[in-house]
Amino acid sequence: MAQLSDDCFAFGGEMMAVDRALELLSGRLRPVTEARRIGLADALGHVLAEDVVAPFNVPPHDNSAVDGYAVFFDDLTPDAATRLPVTARVAAGHALDRPGRRGEAVRIFTGAPMPEGFDTVLMQEDCRAEEDTVAIPPGIRRGANRRRAGEDMAQGSTVLTAGRRLRAEDIGLLASLGRREVTVRTVLRVAVFSTGDEVREPGVPLEPGCIYDANRFALIASLRQLGCNVTDLGILPDRLDAVRGALAEAAGTHDVLITSGGMSTGEEDHVKAAVEALGGLHFWRLAIKPGRPVALGTVNATAKSAVFIGLPGNPVAVMVTFLRIARPILLRLMGAADEAPALFPLRAGFTYKKKVGRREYVRATLARAADGVLTAVKHPRDGAGILSSMVESDGLVELPEEITRVEPGMIVDFLPFSEVR
């Protein structure tokens, strides 16, 4: 059952700061997914449900980092070339069947285990081989080109922690530990729908006064990028009974329900009334632009309940509030550790005025100034309904509540879209 406090966000006259909303969410939302064991090949993008401890050293033995010659450092003359007999050959996957002996060199290849006693490897390019001897120049440091056992991962160390969303490099690391399976969280089940008599499915004729449903498709794509299992409930008619029935049915088989728009108190806005009738709706007005009207609530079914997230209706506002508000909610419900996206300090290449006390997100592209410094350039169109501005931008400049004006050359925080994909 969805873990959501009944008094999460009571509506008030004062708008809430973004950080305060995220802080409250962090304290009140808990994971709703369960743990299960899956094959490593299928684990990409899943949330890890266990701490992973290295059962052995990686690498398991000292080995050579290069193709060359393994020697005892103390056999080398510090200020002149040293000639040593080459007495054996060691390739990757094959260990020398005896300890090394003082006064000899061993031909060794990258990844091959270091014979016992040898402590330094000379690159073959730096040496001169003649028949069964090798001339080694001076100047090498002790231990050069020797990889130590456990230098990647030490036996008994925690190498991955629960709550991590598994990436390709994590899968490789798990495989290097011999893992074929891993314990992960089950996939979050999310239902998405739209309402509005003016909203139409793409591909059908568009009557006067109607628009195609862009928000639902953008939300579905964003959710799938996040690793959610998404059900498309389509466009619900502007009737209270239809909206209420669809929500009640979806809550029985989903963890989260998401919509955009339809949250006001107008005669044709039935989402608010439907959610309130089935559970509870907790409004907060965020001090954010684009955005502001966002709703969090609970829809109850017979055996369980689902978290409800209501986003604004304008396409840009939908995407911004999804990235900064809905995404953290979903990650928390997925059992993921806090994944606050990285913000990068960049030089502003634009002038901008804003109200104090409100956080604003400015769509921007990246360009190099004449001095080579990366600069954020504001998109020329900033309306909340201009979806093309998101397509043509590289990310968002995040302007905190206390800032009232941006001037060219000022350092601002930039959120690349690549950080939240």
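Contact, in what follows, means heavy atoms within 4.5 Å. With that in place, L223 touches V190, V192, C228, V230, I258, F322 and L330, leaving aside residues up to four places away in sequence.

Before I go on, this is a predicted model, in which local features need pLDDT of at least 70 and side-chain atom pairs count only at pLDDT 80 or more, while totals for chains, interfaces and linings use all residues. Residues are numbered from 1 along each chain as its sequence is written, and side-chain values use heavy atoms, with hydrogens and water left out.

L223 also belongs to the residues with the most contacts inside the largest nonpolar core, a core of 46 residues, and L188, V190 and I309 are among the others. A nonpolar core here is a set of buried Ala, Val, Leu, Ile, Met, Phe, Trp, Tyr and Cys residues joined through side-chain atoms within 4.5 Å, where buried means under 20% relative accessible area with a 1.4 Å probe, protein chains only. Elements that each supply at least two residues include α1 (18-28), α3 (214-225) and β21 (305-311), and α6 gives the most, with 13 residues; helices are DSSP runs of H or I, at least four residues, and strands are runs of E, at least two.

Turning to the helix pair, α1 and α6 pack at an angle of about 15°, with axes 10 Å apart, the axes being lines fitted to C-alpha atoms over the stretch in contact, and the angles running from 0 to 180 degrees between N-to-C directions. That makes α1 roughly parallel to α6, a label for angles under 35 degrees. The contact is made by V18, L22, L25 and S26 of α1 and by R324, I325, P328, I329 and R332 of α6.

Key. Buried means under 20% relative accessible area, exposed over 50%, partly exposed in between (1.4 Å probe, protein chains only). Angles under 35 degrees count as roughly parallel, over 145 as roughly antiparallel, 65 to 115 as roughly perpendicular and the rest as oblique.
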